[in-house]
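Please look at the model and its sequence together, and keep both in view while you read.

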Amino acid sequence: MKEKFYITTPIFYPSGRFHIGTAYCVVLTDCIRRYKKARGYDTFMLTGLDEHGKKMETKAAENGVTPKEFVDKMAKQAQDLWKLMDIGYDGFIRTTDEKHVKAVQKIVQKFLDNGDIYKGEYEGWYCMPCENYFTETQLVDGKCPDCGREVKKMKEESYFFNMKKYEGWLKDFYKENPEFLVPESKKNEIFKNFIDPGLEDLCISRCTFDWGIKMPNDPKHVLYVWLDALTNYITALGYMSDDDTLFKKYWPADVHIVGKEIIRFHGIYWPIFLHALGLELPKKLYAHSWIVMKDGKMSKSVGNVVYPEDLISRYGVDSTKYYLLRLMGFSQDSVFTPEDFVLRYNSDLANDLGNLLNRTIGMINKYFNGIIPTNLETKTEFDEDLRNTAKEQISKLEKHMDNLYVSDAIQDLWKYIARTNKYIDETAPWILSKEEKIEELKAVMFNLAESLRKVAILLTPYMPNTSKEILSQLGIDEKDANWDNLLDYDVIKPNTKIISQGKPLFVRLDQNEEVEYIKSVMKGK
Ligand code: MSP
């Protein structure tokens, strides 16, 4: 039986169009899912929308519609984008789903029954966009510590979750599971700012607005949006519903992918809620960093927002995903610039990868009438080195992917591509042809086709369409290109016929023209 792998994205506030930062989070999750699937896991990817709360209520009012009408429209927009981006999610949760609402109320009832919740009065500094209260000491320069915006002093009757009760347990848990939250730097931050100074009880209800899930025992209270949101990871699988088959099969999550600014909720409250429910904890929490612009955060008012649709319509979906995944390192913010986007497109995609396929196709057509020759016998020092590089880079790539170092894994793959390009220069097939060294020429062509078969397999998590296109141009059946036979050399069938006229995978771009295009769409022109 296949081992299961359950991976999630955060659920997004559907308050406007999603930019490449939001898209990155989903692309990254989907890439890891594809990798695990290729490695033989039974995968389940969950994404969705966080549709309740004051922010959504306000947005709907601004648009002159009801909150439900607003989120319905936005949900369609989000799903259309994930379709365009070829995201293969298995579950899409909306927190307005009836199944979710009912389950959340049952969860809260369980907390009430356990004595985890009490009624009190909350007074604190409230950040409206973040839907979050802060204590005086948590503010940074009098502003919201998460987003840096203005906060307002507010007071209301509220229910509280007794976090203090679980503080000791949480600390022990982290001690016993030092790899639970990565990167380490993000873990240190939440310890320094929230755990070490002592946990505050969490206010989990509001009476000042209406758009949310009602407290089961006191319906004038609406549940705090984060409690509602975090539980999506289990309610989507049917926890506390009539059918919890998926929950039994996939929980605990193998990885929650989240952005760095929401790590406190996932690294403190979520483990405590789960523990209070008597459930297993997720195996890993990965807090990725942000895609930022030269002038800071992406913002409409600055005119520096990049939307994925604008890149996809011009450069294709695989190139866009490639760029985002390659750009973002494991633990630091990365800067998007139009110049870098075009440079990478030209160098990595058009030159390194595109040319490798094109040259190979061209030579097999020229020297062997479009039939991939077979010669596994001749082994020059270049052949040996090419094979060793393949083995080494594949093993590095796998290790990096297993540790979620996706950009590093891509770089491992590109080293192999570069090595294969160099192999063409070293073996100089045009000279072998001139000197009629046919057996050697056969070996070189075979090794090139075989390298490209391996490259196509390795590309599946990052650029699935490109992977298919490479195989199709080489006439290799997709069934003959998978992780199980990745290291083999006897898979390409004798007499395999390649495409007679190679089609460029990526057409070289004019640097200036394309930089101007990207800049213009950033300004909304
Ligand atoms: N609704 C909450 C999450 C609840 S999960 C139980 C939320 N939503 S959000 O729409 O504001 O953000 C969703 C995710 O997008 C976050 O993980 C956030 O880090 C990510 N990103 C938003 N802008 C980003 C970049 N510029 N770069 C990378 N990721 C960014 O928070």
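What follows is a walk from the ligand to the pockets and then to the cavities.

The model is predicted, and for that reason local features need pLDDT of at least 70 and side-chain atom pairs count only at pLDDT 80 or more, whereas totals for chains, interfaces and linings use all residues. Residues are numbered from 1 along each chain as its sequence is written, and side-chain values use heavy atoms, with hydrogens and water left out.

Which residues are the closest to the ligand? The ligand is surrounded by 22 residues, and the closest of these are Ile11, Asp50, Gly259, Glu261 and Ile291; a residue belongs to this shell if one of its heavy atoms lies within 4 Å of the ligand. By class, the shell holds 13 nonpolar, 7 polar and 2 charged residues, where Ala, Val, Leu, Ile, Met, Phe, Trp, Tyr, Cys and Pro count as nonpolar, Asp, Glu, Lys and Arg as charged, and the others, Gly among them, as polar. At least two shell residues come from each of α7 (225-230), α8 (232-235) and β12 (255-259), and α7 supplies the largest share, 3 residues. These labels follow DSSP runs numbered from the N terminus, with helices (H or I) of at least four residues and strands (E) of at least two.

A polar side-chain atom of Glu261 is 2.8 Å from an oxygen atom of the ligand, a polar backbone atom of Ile291 is 2.9 Å from a ligand nitrogen atom, and a polar backbone atom of Tyr13 is 3.1 Å from a ligand oxygen atom. On its own the ligand has 660 Å² of accessible area, of which the protein covers 91%; such areas come from the Shrake-Rupley method with a 1.4 Å probe.

The next topic is empty space. Rolling a probe the size of a water molecule over the atoms shows where empty space is left. On a 1 Å grid over the protein atoms alone, a cavity is a set of points where a 1.4 Å probe fits but cannot get out, while a pocket is an open set with protein on both sides within 12 Å along at least five of seven lines, and lining residues have an atom within 4 Å of a point.

The ligand takes up the space of the largest pocket, given that more than half of its atoms lie within 2 Å of the grid points. The largest pocket has a volume of about 1700 Å³, and of the 45 residues that line it, Tyr13, Ser15, His19, Lys55 and Arg149 are the closest to its centre. Helix α2 (54-62) gives the largest share of this lining, 4 residues.

The second largest pocket has a volume of about 420 Å³, and among its 17 lining residues, Ala38, Thr460, Ser467, Glu478 and Ala481 are the closest to its centre. Helix α18 (464-474) gives the most to this lining, with 5 residues.

Turning to the cavities, the count comes to 4 of 30 Å³ or more. The largest cavity holds about 60 Å³ of space, and helix α3 (residues 67-84) gives the most to its lining, with 4 residues. The second largest cavity has a volume of about 40 Å³, and its lining includes Asp383, Tyr416 and Tyr489.

Conventions:
Polar contact = N/O pair within 3.5 Å; in protein donor to acceptor, adjacent residues only side chain to side chain. Points joined across faces, edges and corners; volume = space filled by probe spheres on them.
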